[in-house]
Amino acid sequence: MRMVDIIQNKRDGYALTDKEIEYFVSGYTSGEIPDYQASALAMAIYFKGMNDSETTALTLAMAHSGDMVDLSEFSHTADKHSTGGVGDKTSLVATPIAASLGCTVAKMSGRGLGHTGGTVDKLESIPGFRTEMDMNDFRSAVRKSGLAIIGQSGNLTPADKKLYSLRDVTGTVPSIPLIVSSIMSKKLAAGSQTIVLDVKIGSGAFMDTLENATALAEKMITIGKAAGRNVRAVLTDMDEPLGCAVGNALEVKEAIEVLNGRGPSDLREVAVTLATNMVSASFGRDENEVRAECEKAIDNGSALKKLCNMVEAQHGDAGYITNPSLFPVAKYAMPIISKTDGYISHMNTMKIGISSSMLGAGREKKEDKIDFSAGIEIMKKTGDRVSAGDTLAILYANDESLIPAAVGKYEEALQFSQEPAKRKPLIYTVMK
Ligand code: URA
């Protein structure tokens with residue numbers, strides 16, 4: 001078999017065979033197939049798509065490209081995964097809630113991708129926090145706190161690890177088969193019985209319509225169920241950033257605010273909905289009852305305690321969780337001031353993610369280092385009334401030269417109107 005033939009087959013719109021897909025996944029994982037051929041195939045898949053049987057074959061080949069985590073010693077294992085968004089720090093809120101209510105959460109997360117942030121980058125802003133662990137250390141962290149979040153460490157889905165960072169820099173992220181196989185390979189390899197997917201819709205998501213998001217959710221649910229897992233998808237809004245913080249340490253601080261019973265209500269609502277689905281699907285319990293318990297886990301501090309336990313078990317400094325003012329603040333803070341009176345009618349959320357990335361919070365190349373304190377604090381969101389002179393947002397950076405272009409990008413993202421704009425629903429639906 002030759003990789004060039006596989007690329008050409010896909011370029012010309014043919015369905016790939018299971019053997020061709022396995023050849024690509026194993027060759028790319030071992031390094032025999034170079035990045036340039038993998039990029040060409042990713043681009044051909046982006047344009048020509050994949051049918052259900054190709055997508056399933058790609059997902060399974062990627063899931064089995066490395067170790068499969070054995071969680072059989074644990075009960076009520078539940079995982080969650082977002083398709084990616086801006087300011088999306090729900091994992092940091094939803095997983096401690098679910099763990100405090102008895103789920104075992106052994107989660108494998110990703111890094112930032114395109115304009116979106118990644119949980120692993122956010123967690124690494126906590127000094128000492130280890131996101132790379134071998135399976136024994138991972139299981140022992142789960143035993144200690146009932147909750148552990150790691151990156152694609154050791155030999156877990158190495159195919160996705162390589163392909164994910166390649167897609168990030170080759171414009172091949174927003175493709176349904178590539179997203180399905182990336183997410184579901186990680187979720188299947190990570191071993192949890194219950195999987196709750198947060199499928200984002202809007203200008204900051206990889207799917208910008210309800211129709212495409214529904215198609216993505218359906219495919220992930222079908223593959224998960226065929227593999228014997230209990231899968232739900234919550235379709236949520238990403239037509240404006242979630243919460244008010246964008247950027248790694250800023251987002252961790254905001255998640256801690258919510259776990260302290262403060263912070264933005266949209267973040268709390270999405271996180272509670274995800275946690276409710278994790279717990280009710282794992283235990284087969286009534287959703288209304290579970291939701292009330294999730295709210296209580298925030299109000300009585302048990303979810304925050306879980307987050308502290310996780311940070312300690314993963315060698316992080318939990319003092320940052322109890323005292324978030326310890327997180328370093330970026331050297332430069334640039335306010336964006338409104339020039340108009342009116343209402344914010346739309347936020348192009350991808351542009352806001354790009355603006356944050358330009359400040360140093362994301363990567364442009366695979367090897368770029370993240371600046372944890374860089375990012376954006378948003379003061380005005382869609383539907384808010386603004387007057388000329390109001391601060392719309394504050395941009396943070398440690399490199400002053402990065403600020404002007406990021407300001408331009410942020411300003412480009414905003415639209416104003418004279419009438420209050422209608423907000424999109426925060427939660428569209430839950431698919432089972
Ligand atoms: N999240 C993932 O893990 N993979 C994708 O392709 C997109 C979002």
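## The ligand shell

β1 (78-82), α8 (158-168) and α9 (176-190) each supply two residues or more to the shell around the ligand. Helices here are DSSP runs of H or I with at least four residues, strands are runs of E with at least two, and both are numbered from the N terminus. α9 gives the most to this shell, with 4 residues. The model is predicted: local features need pLDDT of at least 70, side-chain atom pairs count only at pLDDT 80 or more, and totals for chains, interfaces and linings use all residues. Residues are numbered from 1 along each chain as its sequence is written, and side-chain values use heavy atoms, with hydrogens and water left out.

Which residues surround the ligand? They are His 81, Ser 82, Thr 83, Leu 113, Tyr 164, Arg 167, Ile 179, Ser 182, Ile 183 and Lys 186. A residue is near a molecule if one of its heavy atoms lies within 4 Å of it. The shell divides into 4 nonpolar, 4 polar and 2 charged residues. Ala, Val, Leu, Ile, Met, Phe, Trp, Tyr, Cys and Pro count as nonpolar, Asp, Glu, Lys and Arg as charged, and the others, Gly among them, as polar.

## Polar contacts and burial

A polar contact is a pair of N or O atoms within 3.5 Å; within protein, one must be able to donate a hydrogen and the other to accept it, and residues adjacent in sequence count only if both atoms are side-chain atoms. In His 81, a polar side-chain atom lies 3.0 Å from an oxygen atom of the ligand. In Ser 182, a polar side-chain atom lies 2.6 Å from a ligand nitrogen atom. In Lys 186, a side-chain N or O atom is 2.7 Å from an oxygen atom of the ligand. Taken alone, the ligand exposes 240 Å², and the protein buries 97% of that. Accessible areas come from the Shrake-Rupley method with a 1.4 Å probe; for residues, only the protein chains shown count as cover.

## The two cavities

The search finds 2 cavities of 30 Å³ or more in the whole structure. On a 1 Å grid over the protein atoms alone, a cavity is a set of points where a 1.4 Å probe fits but cannot get out; a pocket is an open set with protein on both sides within 12 Å along at least five of seven lines; lining residues have an atom within 4 Å of a point. Grid points are joined across faces, edges and corners, and a volume is the space filled by probe spheres set on the points.

The largest cavity has a volume of about 290 Å³. Of its 27 lining residues, His 81, Ser 82, Thr 83, Gly 84 and Tyr 164 are the closest to its centre. This cavity is the space taken by the ligand. A molecule sits in a cavity or pocket if more than half of its atoms lie within 2 Å of its grid points.

The second largest cavity has a volume of about 180 Å³. Its lining has 21 residues, with His 115, Thr 116, Gly 117, Ala 361 and Gly 362 closest to the centre.

The largest pocket has a volume of about 360 Å³. Among its 19 lining residues, Gly 114, His 115, Phe 206, Met 350 and Ile 354 are the closest to its centre. The largest share of this lining, 4 residues, comes from α16.

The second largest pocket has a volume of about 280 Å³. Its largest share of lining, 5 residues, comes from α8.
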